[in-house]
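Welcome! Take a moment to look over the sequence and the fold, and then we can walk through a few places together.

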Amino acid sequence: MDEPVRTLLLWCPDWPVLAAEIVDGVPATGSVAVLHANRVIACSERARAEGVRRGLRRREAQGRCPGLTVVDHDPGRDARAFEPVVAAVEEVAVGVEVIRPGACALAARGPSRYLGGEEAAAERIVEHVALSCAVESQVGVAAGVFAAGLAAREGRIVPPGGTPEFLAGQPVEALGRPALADLLRRLGVRTLGDFAALPAGDVLARFGFDGALAHRLAAGRDDRPLAARRPPVDLTVTADLDEPIDRVDVAAFAARTLAEQLHERLAGHGLACTRLGIEAVTAHGQELHRVWRHDGLLTAAAIADRVRWQLDGWLSGARRGGDRPARPTAGIVRLRLLPDGVLAQAGLQPGLWGETGAERERAHRALSRVQGLLGPEAVVTAVLGGGRSPADQTRLVPWGDERLPARPGGRRVGSGPAVPPWPGRLPPPSPAVVLPSPLAASVLDATGAPVVVSARLAVSAPPARLSIGTMPPQLAGPTPAPGSAPSATPSSAAALRGGTVGWVEIVGWAGPWPVDERWWAPAEARRRARFQVRLADGTALLLAVESGRWLVEAIYD
């Protein structure tokens, strides 16, 4: 079997301790121990000198070192602190894979060829990390990530072809599997060479799949190839203007040139922009920023249009007072375009007749134009989300912003898991019109007695007639002629007579659906029951009864 790829691995000793110093300011030169599940997982050099070791319980570690500073393990902290180290390595050599916080690896062939050998590459990377991040590190080079990690702990460069011999002398504890290492020692297997000499089939039968993977590592065969990460591509384009720009026509000319540069850069990587960030800096240091969103792929002309609209909105702002945003106090000296959302050119499904359609594009341009002139809050769209009542399920967001609901809506979003439905949510369909303020109503049964809902949600009698104190315009209609039959349209039963709506027959109803919200806070508690009713003329309403009062909340189409 071929030898694994020669790998260069950079290792930062006691990284959880260093990360606590970088992020939280805990001095790593003192006696410090990082604990997880009440056991030491890392400690400083001074703590080791006083007898603290990995695996000790907290009480025993503090008994050996009374002045020990204990820090809780935080994987997020370790990862955040290690990112600048990875970035520093990428400045010297590309194709870095993060093994874990504190260790990263890359193929040794590339940097060794242009830096003059593996030893020179190791010295260059260690020196650059120390200068850039003030972090001490060690580098090991061997065949495969596992062997390179062991070599890094010794600061050793294993010669080509010497990895099996190097691994053979390592103790079985180097596998990082304490239970397996203890069992192997009790069986008389003390080194990786002894373990690698065992037949692979017998190892699989005795120790299982994890033992078979450890056997491969002991033999110098990694369980997976090196997976290098790609450094992010900088797609931002910037223009530094010679003279401050305070006129829209001059700014539009600069915007078109910058838009073409951005489009060409994206096209070179096979990408297209769906969300565009526009940044401007004035001569007085004022920073302006706005994000524009597009459902389709932004062409060079579309990018230029949005930049021109936004610059028009900024430079044509109110000089003093007024409803429009304040105009910048100085001209623009720097303009930057950031492709905030990109996808592959073939990653968007076009419409049936090609692109998204001329009508939709004209509407989008008009809305974007209004937003560029009046501000992002001037154009809003509705987003459906979660909630028990129709009024809770709608959120208005500015045009172009992320269309995220205020509450999870109980529906599957993309390929993610489905969110559990809201308890007490009304069944579909949703009402077409949600009234800003519920209207008082009266509901009677067939005998003329008011319909009452008990605390146990028992309805006193089937609803038979409905009267509304003030009817919304959606239900208002022409007054029928005397003696004529009601019209089949929903507005016929909504004729206004003296500012009130007379009694209308209820021909169908469903419910009740109870809602008991914030029962734990008496001042905010709310308990009500909802009904869906259908009137004789076809109108459908959403009713709610709360504290004995009937209300009309919404109208179904």
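The buried residues of helix α1 pack against β2, β3 (39–43), β4 (69–72) and α4. Please keep in mind that this is a predicted model. The buried residues in α1 include Trp-15, Pro-16, Val-17, Leu-18, Ala-19 and Ala-20. After α1 comes Gly-25, which has a positive phi, near 80 degrees.

Beyond its neighbours within four places in sequence, Val-89 is in contact with Leu-10, Val-96, Cys-104, Leu-106, Ile-125 and Val-129.

| Residue | Helix | Relative accessible area |
|---|---|---|
| Ser-112 | α5 (residues 109–115) | 13% |
| Gln-310 | α13 | 5% |

Ser-112 counts as buried because its relative accessible area, 13%, falls under the 20% cut-off. A polar atom of the Ser-112 side chain lies 2.7 Å from the backbone oxygen of Ala-108. Setting aside neighbours within four places in sequence, Ser-112 is in contact with Gly-117, Glu-118 and Ala-121.

Gln-310 is buried too, with a relative accessible area of 5%. Apart from neighbours within four places in sequence, Gln-310 is in contact with Ile-278, Arg-290 and Trp-292. The C-alpha atom of Gln-310 is separated by 8.4 Å from that of Arg-369, although these residues are 59 residues apart along the chain.

## Where two helices cross

How do the axes of α12 (residues 248–268) and α13 (residues 300–315) cross? They come within 8 Å and cross at roughly 145 degrees, and the crossing is right-handed.

On the α12 side, the residues in contact include Val-248, Ala-251, Arg-256 and Leu-262. On the α13 side, Ala-300, Ile-303, Arg-308 and Leu-315 are among them. By class, this contact has 12 nonpolar, 1 polar and 5 charged residues.

Key:
Residues numbered from 1 in each chain as written. Predicted model: local features only at pLDDT ≥ 70, side-chain atom pairs only at ≥ 80, totals over all residues. Heavy atoms only, no water. Contact = heavy atoms within 4.5 Å. Helix = DSSP H or I, 4+ residues; strand = E, 2+ residues; numbered from the N terminus. Buried < 20%, exposed > 50% of the residue type's maximum accessible area, 1.4 Å probe, protein only. Polar contact = N/O pair within 3.5 Å; in protein donor to acceptor, adjacent residues only side chain to side chain. Axes fitted to C-alpha atoms, helices over the stretch in contact; angles between N-to-C directions. Left-handed = near helix turned anticlockwise from the far one by under 90°. Nonpolar A, V, L, I, M, F, W, Y, C, P; charged D, E, K, R; others polar.
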